[in-house]
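Hi there,

Here is the structure I promised to pass on. Please have a look at it first, and my notes follow below.

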Amino acid sequence: MKVKVISRSTDEFTRERSQDLQRVFRNFDPSLRSQEKAVEYVRALNAAKLDKIFARPFIGAMDGHRDSIKCMAKNPNYLKAIFSGSDDGDIRLWDLASRRTVCQFPGHQGAVQGLTVSTDGSILVSCGSDCTVRLWNVPDANLADSDNLSDNSAKPVAVYGWKNAFRAVDHQWDGDLFATAGAQVDIWNHNRSQPVNTFDWGADTTISVRFNPGEPNILATSAKYVLMLVSGYNIMWLMKMENACNARTFHDWSITLYDLRMSSPARKVIMRVILDTIEYENMEPTKTNSIAWNPMEPMNFTAANEDCNCYSYDARKLEEAKCVHKDHVSAVMDIDFSPTGREFVTGSYDRTVRIFQYNGGHSREIYHTKRMQRVFCVKYSCDASYVISGSDDTNLRLWKAKASEQLGVVLPRERKKHEYLEAVKNRYKHLPEVKRIVRHRHLPRPVYKAANLRRTMIEAERRKEQRRKAHSTPGSIVTEPVRKRRIIKEVE
C-alpha cells in the first residue's frame, strides 16, 4: 500500500531571524480562487475612498511679498529653491524646505514680468516693465542658515536698459543666450549690453517666450497683432467669416516658432481673429498667455489660452492641435510641465490650480483655498513631487503633486502596498462606482456655477448645430473639430 505524504524542506520555511517574514506559498489557479475579482473590486473601491480621506494637498504658504506675484523660476542645480517676482519690483529666493526667504534682489523700479535661471544655476535673469534686464549671481545654498534677511540682499551683476518694456524672459537650455519678449523678440548674451539678434514678424506685443529643451536654437513665442481696417474691406481670406464690413480693427493672436540659426522666423500658426465691433464682441478671445515645452518629447508644446483651455501642439504639424485640455472656467494664465513629461500644472484666473495628464482632456486634480486669489504663475518642482503657485494675494503656496501621497520615509512594504492599491484602482477605474469616487471633487461655489453655465452653453451650441445640419442640404454644413476650430491657418 502506497501512502502519499506532503514533503517539504525545513530550510525553505525556517526563518533565520525572528524579524524575517514567514514565507508563504500561494496557488494562483483561477479555478481555486473564484472570488478573486470580487475581492479585488472591493479593494479598488476602498483604495479610491482612502485616497479621498487622506487627500491633504496643501502643505503651506510662503508670505513676504507686498504685491501680486507675477512670475517664478526654478534653479536646476538646487532642488528646494524657487525664485519669485512681484508687481512692486521685489525678487525673492525661497527655501521650500523651511518655507522662508533666503535672499532678496532689489533694483527693479516697476513690475517684474519675467524670471529665468541659467542651466548651470549660477545666473538669475530678470526683466520688467521698467525697460531693464538685470543679471544676478545666485547665492549658495548655505545662505539658508542665515537669520538676518537684511544681510542677504544681492546686487545686480549687470543692468541692460532698452527702449521698450519686457513681458517675459527665458534662458537657453545649453548656452549663454537668453531671449526677452516685449515689442519684439530680442536675443541677448551675458557679456553683451545690446541684443545680438532681433526677431519681428509684424507683432504688436510678444507675450511669452520659451526655449526648446531638446534643440537649444529653437524657441516658441505667443504674440498679438493689431491691424487697422477701412470700413467695407473684405477680410474673408484671413478670417473665414462673413459680414465683417463694420470692423475697424482686429486682433490676430498667434504662436510663432523661431530658429536662431536663421535670420527669419520659421513657422507661425494664426489663431482666431477677435473683432473690435459690437457684432463680434461676445467671441471668446484666443490669446496665448504662456507656453511650455514637454521635456521628454521636445517636439511637443502646450499653450495656456485665454479661452479657458490649453492646447497641445506638435511643432511639426501646427495646423491642428494634438489635444484640447478643458476644465478651467476662466483664462489660463500660466503652465509648466513636470520633469517626467507625463503631466503639467496650470494656474487660472478662476483662482484654481489644476493638474492635467499630458494627453488627457480633463484635469485629474484641482487645488484651491478660500484665501487664494487669481493665480498668475505655477511651477512643478524639479523632482515632480510638489507644485508651487503664485497668486494675486501676495502668497506663494506649496502643494503636493499627488494629493494623498504620504510624505516622509516610506518603508518597502508600505511602498509595495501603495503600488498594489494603485494598480488595482487603475484596473477597475472604468467601473461606475470607482470612476465616480475618483472623479469627484469639491469645488468653490463660483467655479461650480461657472462650470455648469459653461457646460450648458456648450451643449446648447451643439444642439443648435445639429438642428442646423438636419435642416440643411446634406454636406453643406461641415462640423469643424475642436482641435482645428481655433486655428485659422499656418504660415511658413
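Glu343, Arg364, Glu365 and Arg441 are joined in a network of salt bridges, a salt bridge being a side-chain nitrogen of Lys or Arg within 4 Å of a carboxyl oxygen of Asp or Glu. One of its links is the pair Glu343 and Arg364, whose side chains meet at 2.6 Å, N to O. This pair connects distant parts of the chain, with Glu343 in strand β23 (residues 343–348) and Arg364 in strand β25 (residues 363–367), 21 residues apart. Helices (H or I, at least four residues) and strands (E, at least two) are DSSP runs, numbered from the N terminus. Glu343 is buried at 14% relative accessibility, while Arg364 is partly exposed at 24%. Here buried means under 20% relative accessible area, exposed over 50%, and partly exposed in between (1.4 Å probe, protein chains only).

Before going further, a word on the ground rules: this is a predicted model, where local features need pLDDT of at least 70 and side-chain atom pairs count only at pLDDT 80 or more, while totals for chains, interfaces and linings use all residues. Residues are numbered from 1 along each chain as its sequence is written, and side-chain values use heavy atoms, with hydrogens and water left out.

Across the whole structure, the search gives 21 salt bridges. Another of them pairs the side chains of Arg427 and Glu40 (2.6 Å, N to O). Arg427 sits in helix α4 (residues 412–427) and Glu40 in helix α2 (residues 36–53), so this contact ties together parts that are 387 residues apart in sequence. Arg427 is partly exposed, at 46% relative accessible area, and Glu40 is buried, at 11%. A local example is Glu433 with Arg436, at 2.8 Å, N to O; both belong to helix α5 (residues 432–439) and are 3 residues apart, about one turn of the helix.

Two backbone spots are worth a click. Most residues other than glycine have a negative phi. Arg99, however, has a positive phi of about 55 degrees and lies in the loop between β4 (91–95) and β5 (100–104). Arg351 has a positive phi of about 70 degrees, in the loop between β23 and β24 (353–357).

Finally, how many disulfides are there? The count is 0, taking a disulfide as a pair of cysteine sulfur atoms within 2.5 Å. For Cys71, the nearest cysteine sulfur is that of Cys377, 6.6 Å away; Cys71 is buried at 6% relative accessibility.

Best wishes
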